[in-house]
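Please look through the structure below one region at a time, and keep the sequence beside it as you read.

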Amino acid sequence: MVSTNYAPEHTGIGPYATGLAEHWAARGADMHVLAGMPHYPSWRLDPSYAGFWRTTEERGGVTVHRRRHTVPARQTAVRRALFEASLLAHQLAAPPRMPRPHAVVAQMPSLAGAVAAARLARRHGAPFVPVVQDLMGAAAAQSGISGGDRAAAVAARAERHALRRAALVGVIHDSFRPRVEAMGVDPARIRLVPNWSHVDRPSRPRAETRARLGWRDDRPVVLHSGNMGLKQGLEVLVDTARLDPGVDVVLMGDGNQRATLHERARGLPNLHFLPPADEADFPDVLAAADVLAVTQRASVLDMSVPSKLTSYFAAGRPVLASVAARGGTADEVRRSGAGELVPPEDPAALLTAVRRLAADPAAADRLGARGPAYVDERLSPAAGLGRLDDLLAEALHPGTTAHEGAARA
């Protein structure tokens, strides 16, 4: 597997790449991962990897080969291009030493990872199987990154180059299908492989966690957890806090926009920043909030479905999605029945929805309770990993059905 993001990164794509690799290793595969150095979501190099250009480590039964790359603290098209270029150059110059692979899987949106994986697969005569978690070309166009239009064209060409060489292409949401097909991929080679919920269910009483965090029972708490980047458009939450001093807004996590958001929130006593929660504490912190917020810029439509949603649903709290109504994120919230949609970049509409849920706790509890049910029905680890087992088995045994291929694998 080639995946820029991997453990110990515990948010975003990293947990899914790690979970899949360790799952296949546990099934008996000699599993190797070509990864970057840990840096997400803070976009700062993990200090324990400072000074290393290349490392090889054993983690969870998987051999992880890491290659050094730039880590841009601030996102622009040029800096992101340097990030991808440094990854690709090092991965191609120093491929992992390993036996001939039977298959090469890539976790996208990493353009470098996709190109490197396609090259490795061609070198060894192995099937290449990318899993599309995000689309970088669409992201550059829709996220508001400086120089995004030029970057989008370059990224789309790289994605097209890689995806056309795939034996099969996995997509985590149906909203990605039209763009993948438009890149010249035969629809018959696209498979839906949704992510799964990789966090435990809450284990402590909500009141206990709220007391520990200093969250008052008479004040609604709106929590956003995860990456603080451009595409999230988190300014809407800062402005929501400004509209009503009686609502507490909590931004938990890290990212390249954290300092900018902190400056925008200057003087707001009801806007709070928290570092990422420990893995063991994370489910309880989510469950302690009154509302879990997922936000995206209005321009974000079909390039990303936030991985945080699987964790939000498992927490059992209502989700408020400040996102475009015709995007993949909105589709997933509607399908779950565990949240409500509000127009993106509209703090007044978001505040109205928060107040409505706060005024009717029983209705909020009923809405939130649909999340764990949705996880059990569609987003369990067994279901998610099983779909990827089928994807790999079909790629290894062309011409079979997914079920037949899984049986043979």
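The largest cavity is lined by Leu34, Gln91, Leu92, Pro95, Ala116, Arg119, Leu120 and Arg123. A cavity here is a set of points on a 1 Å grid over the protein atoms alone where a 1.4 Å probe fits but cannot get out, and a lining residue has an atom within 4 Å of a point. This is a predicted model, in which local features need pLDDT of at least 70 and side-chain atom pairs count only at pLDDT 80 or more, while totals for chains, interfaces and linings use all residues. Residues are numbered from 1 along each chain as its sequence is written, and side-chain values use heavy atoms, with hydrogens and water left out.

The space in the largest cavity comes to about 50 Å³, where a volume is the space filled by probe spheres set on the grid points, which are joined across faces, edges and corners. Helix 2 (77-93) and helix 3 (111-124) each supply at least two residues of this lining, and helix 3 gives the largest share, 4 residues. (Helices, H or I with at least four residues, and strands, E with at least two, are DSSP runs numbered from the N terminus.) Sorted by class, the lining of the largest cavity has 5 nonpolar, 1 polar and 2 charged residues; Ala, Val, Leu, Ile, Met, Phe, Trp, Tyr, Cys and Pro count as nonpolar, Asp, Glu, Lys and Arg as charged, and the others, Gly among them, as polar.

How many cavities of 30 Å³ or more are there? The count comes to 2, and the second largest cavity has a volume of about 30 Å³. Among the residues that line the second largest cavity are Gln107, Val131, Trp196 and Leu388, and its lining divides into 6 nonpolar, 3 polar and no charged residues.

A pocket, unlike a cavity, is an open set of points with protein on both sides within 12 Å along at least five of seven lines. The second largest pocket holds about 650 Å³ of space. Of the 26 residues that line this pocket, Ala29, Asp30, Met31, His102 and Leu392 are the closest to its centre. Strand 2 (32-35), strand 5 (104-108) and helix 15 (381-396) are the elements that give two or more residues to the lining, and helix 15 gives the most, with 4 residues. By class, the lining of the second largest pocket has 19 nonpolar, 3 polar and 4 charged residues.

Turn next to an open sheet of 6 strands, which follow the order 11-10-9-12-13-14 with parallel pairing; two strands pair if DSSP finds at least two bridges between them. Strand 11 (271-274) and strand 14 (339-342) stand at the edges with a single partner strand each, so one side of each has no neighbour in the sheet. From one strand to the next, the twist averages 25°. Within this sheet, strand 12 (residues 291-295) and strand 13 (residues 319-322) pair in the parallel sense over 4 bridges, and Thr295 stands opposite Ser322 in strand 13.

Helix 12 (residues 328-336) and helix 14 (residues 361-378) pack at an angle of about 100°, with their axes 9 Å apart; axes are lines fitted to C-alpha atoms, for helices over the stretch in contact, and angles run from 0 to 180 degrees between N-to-C directions. Helix 12 is therefore roughly perpendicular to helix 14, a term that covers angles of 65 to 115 degrees. Glu332, Arg335 and Ser336 of helix 12 meet Arg370, Tyr374 and Arg378 of helix 14 in this contact, where contact means heavy atoms within 4.5 Å.

Strand 3 (residues 54-59) and strand 4 (residues 62-67) run antiparallel and are joined by 6 bridges, with His65 in strand 4 as the bridge partner of Thr56. The hairpin of these strands has 2 residues between them, and Gly60 takes a positive phi near 60° there.

Most residues other than glycine have a negative phi, and most peptide bonds are trans. Pro41 has its place in the loop between strand 2 and strand 3, and the peptide bond from Tyr40 to Pro41 is cis, with omega near 10°. Another cis peptide bond joins Ala7 and Pro8, with omega about 20°, and Pro8 lies in the loop between strand 1 (2-3) and helix 1 (14-26).

Methods:
Parallel < 35°, antiparallel > 145°, perpendicular 65-115°, else oblique.
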